[in-house]
Each structure stands twice: as structure tokens, then as C-alpha cells.
Amino acid sequence: MTLEYSIKMLATEHVETARQFLNDADREFEAGDMLQASEKLWGAASHVVIAEMQRREMKTSGHRAMILAVRQIAEDHGDMELRPGFAAARALHANFYHGFMEDYEYAENRELVRRFVERITMLAS
């Protein structure tokens, strides 16, 4: 198996995980657990970013690398809406730890993250 093949497979697994996390987030929120739902949305966003970073052969080494990667991906594709989508995911990640969001804030960020995941996934395919 070539390195390119194994990276592509791993990226595919990240995308599948992201899709599962989107579904899990809905289930968690419906069950009344906004904190877990928030973290699942962060997980979905981070997994698609990691998939795209791997596809581009970028080093996947933490939050800062993902922020810079999203900036580069947005610039490369002329899609500046990617950046606020990832910022929403980061806010949801913080919400997991601090529980500061109201339901309407969660809903707004949830929608931004869903669109972000869809856009990144389309770019990678």
C-alpha cells in the first residue's frame, strides 16, 4: 500500500467520523445535553479539517495548525465563509468546557458548523 493511498483512506475515515458526529450532536442536543452536542460539532469540524490537511500533506499538529489550514483553504478556494464556520466550531468547543451558550447561540453555531463541514467535504471530493 502506498503512502498516498493510506493518507487518502485515513482522510476518508475522518470525513465519515465527521458525518457521524453531526448525527450524534443532534441526538445529544435532543436528549438535553448541549455540552456533549457542542463537542460533537467541534469534532465534526476538526475531523474534516484534518482530512483536508492530510489530503494537502499538511502537518496536523493541533488547533493552531487547523486555524491556519482553514485560512489557507478559504483563500485557495475564494470561500471566506469557511473561516466563520470554523470559528463557530471553536466557540462550541469552548462551550463544552464552560457552558456559556444559550439555545439560540447553539443553534446559530450548529448551522454554521454544518455548512462548514459540507463545504470542506465537497472541496475534498
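Predicted model: local features only at pLDDT ≥ 70, side-chain atom pairs only at ≥ 80, totals over all residues.

Trainee: Let's begin with the fold. How many helices and strands are there in the protein chain?

Mentor: The protein chain has five helices and zero strands. Read from the N terminus, the order of elements is α-α-α-α-α.

Trainee: And what does the radius of gyration say about the protein chain?

Mentor: Its value is 14 Å, close to the 14 Å that the globule rule gives for 125 residues, so the chain is as compact as a globular protein of that length. Along the principal axes, the C-alpha trace spans about 45 × 30 × 25 Å.

Trainee: What share of the 125 residues is buried?

Mentor: Buried residues make up 42% of them. As for the surface, the chain exposes about 7,200 Å², with carbon and sulfur atoms supplying 51% of that area.

Trainee: Which part of the contacts with a separation of 6 or more comes from residues 24 or more positions apart?

Mentor: Such pairs account for 61% of those contacts in the protein chain.

Trainee: Now a helix pair, please. How are two packed helices described?

Mentor: Two packed helices are described by the angle between their axes and the distance between the axes. Here, take helix H3 (residues 63–77) and helix H4 (residues 82–98): their axes come within 9 Å and cross at roughly 160°. Angles over 145 degrees count as roughly antiparallel, so H3 is roughly antiparallel to H4.

Trainee: Which residues make the contact of H3 and H4?

Mentor: H3 contributes His63, Met66, Ile67, Val70, Arg71, Ile73 and Ala74, while Leu82, Arg83, Phe86, Arg90 and His93 come from H4.

Trainee: On to single residues. Is Ile120 buried or exposed?

Mentor: Relative accessible area settles that, and under 20% means buried. Ile120 has 2%, so it is buried. This residue sits in helix H5 (residues 103–124). Setting aside residues up to four places away in sequence, Ile120 touches Val48, Glu52, Ile73 and Leu82. Ile120 and Ala51 are 69 residues apart in sequence, with 9.0 Å between their C-alpha atoms.

Trainee: What about His14: buried or exposed?

Mentor: His14 is buried, with a relative accessible area of 13%. You will find His14 in helix H1 (residues 3–30). The residues that His14 touches, not counting those up to four places away in sequence, are His47, Ile50, Ala51 and Gln54. From His14 to Ala51 there are 37 residues along the chain, yet their C-alpha atoms are separated by 5.7 Å.

Trainee: And is His98 buried or exposed?

Mentor: His98 has 62% relative accessibility and counts as exposed. The residue belongs to helix H4. His98 and Gln36 are 62 residues apart in sequence and 12 Å apart in space, C-alpha to C-alpha.

Conventions:
Residues numbered from 1 in each chain as written. Heavy atoms only, no water. Axes fitted to C-alpha atoms, helices over the stretch in contact; angles between N-to-C directions. Helix = DSSP H or I, 4+ residues; strand = E, 2+ residues; numbered from the N terminus. Parallel < 35°, antiparallel > 145°, perpendicular 65-115°, else oblique. Contact = heavy atoms within 4.5 Å. Rg over C-alpha atoms; globule rule 2.2 N^0.38 Å. Buried < 20%, exposed > 50% of the residue type's maximum accessible area, 1.4 Å probe, protein only. Areas by Shrake-Rupley, 256 points an atom, 1.4 Å probe, with all protein chains shown as cover.
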